[in-house]
Amino acid sequence: MAKFMVKASYNADSVKGIVKEGGTGRVKVITAMIEGMGGTLEGFYFAFGDTDVYVIVDLPGGTVDAAAVAAAVGSSGAMSKYETVTLLTPEEVDVAVKKAVDFRPPGS
């Protein structure tokens, strides 16, 4: 499975919904969505500052599943900001840095 972190901010109407249903209510909804795709919710955290929520998920379909989630959430209008970050394990980085890549910087 591929691991992703979603950083998102709610719009004013969504904040009202969270006040009404509570934080754990939102976690239940997101857990059901991710599990319905065959994935797992690893972590869900509310935060202060520019980002309201950080969610870490494993998705079996990788970037395609992450794009499907982003499209569903984004088209709902519930978020004022939504960003998906691909996460890599240290082992994946070990494999990546050993791959030969033919690259030339501009101007060299």
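Strands are DSSP runs of E with at least two residues, numbered from the N terminus. The views below are taken from a predicted model.

View 1. Phe 46 is placed in strand 2, which spans residues 40-46. With a relative accessibility of 41%, Phe 46 counts as partly exposed, because that class runs between 20% and 50%. Leaving aside neighbours within four places in sequence, its contacts are Tyr 10, Ile 18, Gly 23, Arg 26, Asp 52 and Val 53. Tyr 10 and Val 53 are also listed among the residues with the most contacts inside the largest nonpolar core.

**View 2. The largest nonpolar core.** This core has 16 residues. Those with the most contacts inside it are Tyr 10, Ile 34, Phe 44, Val 53, Val 55, Val 57 and Leu 59. At least two core residues each come from strand 1 (2-10), helix 2 (23-36), strand 3 (53-59) and helix 3 (62-76). Ile 34 touches Gly 39, Thr 40, Leu 41, Val 57, Asp 58, Leu 59 and Val 69, with residues up to four places away in sequence not counted.

**View 3. Met 5 in strand 1.** Met 5 is a residue of strand 1.

**View 4. Salt bridge between Asp 58 and Lys 3.** The count of salt bridges comes to six, and one of them joins the side chains of Asp 58 and Lys 3 at 3.2 Å, N to O. The pair links distant parts of the chain, with Asp 58 in strand 3 and Lys 3 in strand 1, 55 residues apart. Asp 58 counts as buried because its relative accessibility is 14%, whereas Lys 3, at 23%, counts as partly exposed. Both residues belong to a network of salt bridges that also includes Glu 42.

**View 5. Salt bridge between Lys 7 and Glu 83.** The side chains of Lys 7 and Glu 83 meet at 3.6 Å, N to O, in a salt bridge. Distant parts of the chain are linked here: Lys 7 is in strand 1 and Glu 83 is in strand 4 (residues 79-87), 76 residues apart. Lys 7 is partly exposed, with a relative accessible area of 22%. Glu 83 is partly exposed at 37%.

**View 6. Salt bridge between Asp 50 and Lys 81.** The side chains of Asp 50 and Lys 81 form a salt bridge of 2.8 Å, N to O. Asp 50 sits in the loop between strand 2 and strand 3, and Lys 81 in strand 4, so that the pair, 31 residues apart, links distant parts of the chain. Asp 50 counts as exposed at 63% relative accessibility, while Lys 81 is partly exposed at 28%.

**View 7. Helix 1 and its two ends.** At the start of helix 1, a side-chain oxygen of Asn 11 reaches to within 3.1 Å of the backbone nitrogen of Asp 13. Ser 14 lies in this helix, which covers residues 12-21. Ser 14 counts as buried because its relative accessibility is 15%, under the limit of 20%. A polar atom of the Ser 14 side chain lies 2.7 Å from the backbone oxygen of Ala 78. Lys 20 is also placed in helix 1 and, at 77% relative accessibility, counts as exposed. The C-alpha atom of Lys 20 is separated by 32 Å from that of Pro 60, and the two residues are 40 residues apart along the chain. Just after the helix, Gly 22 takes a positive phi of about 85°.

**View 8. A nonpolar surface patch.** Leu 88, Val 93 and Val 97 make a nonpolar surface patch of about 290 Å². Val 93 belongs to helix 4 (residues 90-97). At 36% relative accessibility, Val 93 counts as partly exposed.

Key
Residues are numbered from 1 along each chain as its sequence is written. This is a predicted model: local features need pLDDT of at least 70, side-chain atom pairs count only at pLDDT 80 or more; totals for chains, interfaces and linings use all residues. Side-chain values use heavy atoms; hydrogens and water are left out. A nonpolar core is a set of buried Ala, Val, Leu, Ile, Met, Phe, Trp, Tyr and Cys residues joined through side-chain atoms within 4.5 Å. Buried means under 20% relative accessible area, exposed over 50%, partly exposed in between (1.4 Å probe, protein chains only). Helices (H or I, at least four residues) and strands (E, at least two) are DSSP runs, numbered from the N terminus. Contact means heavy atoms within 4.5 Å. Patches are made of residues with over 30% relative accessible area and no salt bridge: like charges are joined within 9 Å, nonpolar side chains (Val, Leu, Ile, Met, Phe, Trp, Tyr) within 5 Å. Accessible areas come from the Shrake-Rupley method with a 1.4 Å probe; for residues, only the protein chains shown count as cover. A salt bridge is a side-chain nitrogen of Lys or Arg within 4 Å of a carboxyl oxygen of Asp or Glu. A polar contact is a pair of N or O atoms within 3.5 Å; within protein, one must be able to donate a hydrogen and the other to accept it, and residues adjacent in sequence count only if both atoms are side-chain atoms.
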